[in-house]
Amino acid sequence: MKKIIVAIDGFSSSGKSTMAKQLAAAVGYAYIDSGAMYRAITLYAMRHGFIRPDGSVDTAALCAALPDIRIEFRYVPEAAASHTFLNGEDVEREIRSLEVSSHVSPVAAVPEVRHALTAMMQQYGEAKGIVMDGRDIGTTVFPAAEMKVFVNASPEVRARRRYDELRAKGDEVDYEQVLANVQERDEIDRNRKESPLRQAPDALVLDNDNLTREEQSAWLLDTFRRIADE
């Protein structure tokens with residue numbers, strides 16, 4: 001069975017990260033969370049005052065700081081999972097907050113940020129054998145990926161999933177606030193000038209509004225085996 005690159009794209013909170021992790025574990029591939037990378041840079045920008053009170057990004061300051069930002073993925077035995085580290089600090093929980101979510105799309109729309117992270121992601125894929133999820137993995141980062149999947153679900157379903165996830169972590173959030181954030185991120189992701197969210201022409205579409213995690217995993221694994229065996 002040949003090694004391939006699996007690119008999973010889709011809207012925020014569509015469940016693509018969960019299914020990407022599960023597929024990577026099932027086939028013994030490395031999992032790269034591109035969304036976590038953008039979230040880590042967003043957290044850095046928030047901590048250093050690069051997000052203005054009106055929510056706009058001090059692009060010049062952020063771009064100047066890019067060489068000082070180091071993002072790594074490390075396995076954390078206590079959590080039995082890979083965590084995101086920002087300049088040596090485990091920021092996995094912080095980057096999943098609603099506050100970071102509310103600022104990540106404007107940061108991700110900065111061309112210099114996208115260029116820097118795209119180059120980093122492409123290095124991860126040089127040896128193949130990876131599963132990566134995001135917004136432009138199959139269109140910009142790995143346009144030649146052997147397996148491309150575009151995940152779709154309604155904003156309401158995605159907001160409910162995100163709301164349940166945040167509540168399970170103990171965060172006090174309002175469903176309508178989460179829904180508004182999901183819809184705002186969709187609008188920004190689809191309309192940004194640099195690498196907007198698009199379905200690659202050769203991507204397989206997975207609409208998971210009414211699918212269980214088990215059904216999603218089975219579909220992905222069957223698809224992977226078929227493509228890797230070709």
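A residue is called buried here when its relative accessible area is under 20%, exposed when that area is over 50% and partly exposed in between, computed with a 1.4 Å probe on protein chains only. The structure is a predicted model, in which local features need pLDDT of at least 70 and side-chain atom pairs count only at pLDDT 80 or more, while totals for chains, interfaces and linings use all residues. Residues are numbered from 1 along each chain as its sequence is written, and side-chain values use heavy atoms, with hydrogens and water left out.

Strands and helices are DSSP runs numbered from the N terminus, a strand being E with at least two residues and a helix H or I with at least four; two strands pair if DSSP finds at least two bridges between them. By that criterion β1 pairs in the parallel sense with strand β6 (residues 130–134) over five bridges, and Asp9 stands opposite Gly134 in β6. A parallel pairing over five bridges also joins β1 to β7, where Lys148 is the bridge partner of Ala7.

These strands belong to an open sheet of five strands with parallel pairing, in the order β2-β6-β1-β7-β8. Its edge strands, each pairing on one side only, are β2 (30–33) and β8 (204–207), and the twist averages 20° from one strand to the next. Axes are lines fitted to C-alpha atoms, for helices over the stretch in contact, and angles run from 0 to 180 degrees between N-to-C directions. Helix α9 (residues 213–228) lies across β1, β7 and β8 and runs at about 160° to β7, while α2 lies across β2 and β6 at about 40° to β2.

Helix α2 (residues 34–47) also lies across β3, β4 and β5, running at about 35° to β4. Those strands form an open sheet of three, in the order β3-β4-β5 and with antiparallel pairing, whose edge strands are β3 (71–76) and β5 (89–90). Strand β4 (residues 81–86) pairs with β5 over two bridges, and Phe85 has Asp90 of β5 as its bridge partner.

Ala153 is found in the loop between β7 (147–152) and α7, and is buried at a relative accessible area of 6%. Ala153 and Ser13 are 140 residues apart in sequence, yet their C-alpha atoms are 8.8 Å apart in space. With contact taken as heavy atoms within 4.5 Å, and residues up to four places away in sequence not counted, Ala153 touches Arg158, Arg161, Asn208 and Asp209.

Two packed helices are described by the angle between their axes and the distance between the axes. Helix α7 (residues 155–168) and helix α8 (residues 175–191) pack at about 125°, with their axes 9 Å apart. That angle makes α7 oblique to α8, because angles under 35 degrees count as roughly parallel, over 145 as roughly antiparallel, 65 to 115 as roughly perpendicular and the rest as oblique. The contact involves residues including Tyr163 and Leu166 of α7 and Val178 and Val182 of α8. Asn181 also lies in helix α8, and counts as buried at 8% relative accessibility. Leaving aside neighbours within four places in sequence, Asn181 is in contact with Leu98, Ser101 and Ser102.
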